[in-house]
Amino acid sequence: MGIIAFFVIAVVAIVGAAAMVVSRNSVHSALFLVVNLFCIALLYLSLNADFLAVVQIIVYAGAIMVLFLFVVTLLNPAQSESPDRLRGQGWVASVLALVLLVEVGAVILSGVFATVKSSAIPPTVNWGDNVQAVGTLLYSQYLFPFEVTSILLLVAIVGATVLAKRRL
Amino acid sequence: MLAPLPYYLILSALLFTIGIFGFLFRKNPLIMFMSIELMLNAANLTFVSFARFLGSLNGQVIVFFIMTIAAAEVVVGLAIIVSIFRARASIDVDEIHLLKD
């Protein structure tokens, strides 16, 4: 049952990603990406990462995609793409992507990860539920990176404001 | 019943490859940004599946940080795209080949 659900979610995720890439309309691309992000959130749920699944939906599907849609509607979405400046860009892109896929697939299937046993124990078993466990870890062991993240967000806010203003 | 680890890794590799393809193939910077988001999500999926199968929570915390960085990156990147559009009335990346003017 779990494996069937995994395959259904995986197919929807891949179709959403592919449709996002080939879609001519930027708004359609953004909506296909939302489909993909929802599927990944479902996979997080299947992997006992409840907190991240909810954060994925709120932050990605909520905030980031709304930002994308704002910019898409702000710019002219009906512009068609210019003819290739690089000749054969599509072919080169396909070949490079395919080579990368073969490389990564070969590494994964070569059995490097065979030592990782499918331990059926969820990682949160010792710390209570998932949200509590992630929060405890975030505010103890990862406290300094967490604080640095706030500086990063501040820099992003200032940068976006400076870039968006016409005259300072 | 949980799907085994290689299934998740292969799915993640496929999504990452689609993201790479989109980034190299499309010339609309918005779609290129969405492809970057897709690649980041594929990497996140790998982190979470390893966190699950190794029985450790550190991967989930790292994914949390990656999401923060993705949000910051998108905000600054979209601001740059908007200011380029204001200056040139075009956002095709093939048209943006001058550092000045």
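Predicted model: local features only at pLDDT ≥ 70, side-chain atom pairs only at ≥ 80, totals over all residues.

Biologist: OK, and how many helices and strands does chain A have?

Modeller: Chain A has six helices and zero strands. Going along the sequence, the pattern reads α-α-α-α-α-α.

Biologist: What share of the contacts in chain A comes from residues 24 or more positions apart?

Modeller: That share is 46%, counting contacts in chain A with a separation of 6 or more.

Biologist: Let's pick a helix. How many residues does α4(A) have, and how far does it reach?

Modeller: Helix α4 of chain A covers residues 89-109, which is 21 residues. From its first C-alpha to its last it reaches 30 Å, close to the 30 Å expected at 1.5 Å a residue.

Biologist: Which residues in α4(A) are buried?

Modeller: Those are Q89(A), G90(A), A93(A), A97(A), G105(A) and I108(A). Looking down the axis of α4(A), the buried residues fall within an arc of 115 degrees, so they line one face of the helix.

Biologist: Why would residues three or four places apart point the same way?

Modeller: An α-helix has 3.6 residues a turn, so residues with that spacing point the same way.

Biologist: And which exposed residues sit on the face of α4(A) turned away from the buried side?

Modeller: That face carries W91(A), L98(A) and V102(A), which are exposed.

Biologist: What covers the buried residues of α4(A)?

Modeller: The cover includes a helix from the other chain letter, α1 (5-25) of chain B.

Biologist: What follows α4(A)?

Modeller: G111(A) does, and its phi is positive, near 90 degrees.

Biologist: Which residues make the nonpolar surface patch?

Modeller: I4(A), V8(A), V12(A), F32(A) and V35(A) make a patch of about 400 Å². The elements giving two or more residues to it are α1 (2-22) and α2 (26-46) of chain A.

Biologist: Which element gives the largest share of the nonpolar patch?

Modeller: α1(A) does, with three residues.

Biologist: Last one. Where is I4(A) found, and is I4(A) buried or exposed?

Modeller: I4(A) is in helix α1 of chain A. I4(A) counts as exposed because its relative accessibility is 56%, and the cut-off for exposed is over 50%.

Methods. Residues numbered from 1 in each chain as written. Chains lettered and ligands numbered in written order. Heavy atoms only, no water. Patch = residues over 30% accessible without salt bridge, like charges linked within 9 Å, V, L, I, M, F, W, Y side chains within 5 Å. Areas by Shrake-Rupley, 256 points an atom, 1.4 Å probe, with all protein chains shown as cover. Salt bridge = Lys/Arg side-chain N within 4 Å of Asp/Glu carboxyl O. Helix = DSSP H or I, 4+ residues; strand = E, 2+ residues; numbered from the N terminus. Buried < 20%, exposed > 50% of the residue type's maximum accessible area, 1.4 Å probe, protein only. Expected span 1.5 Å × (residues − 1). Arc of directions from axis to C-beta. Contact = heavy atoms within 4.5 Å.
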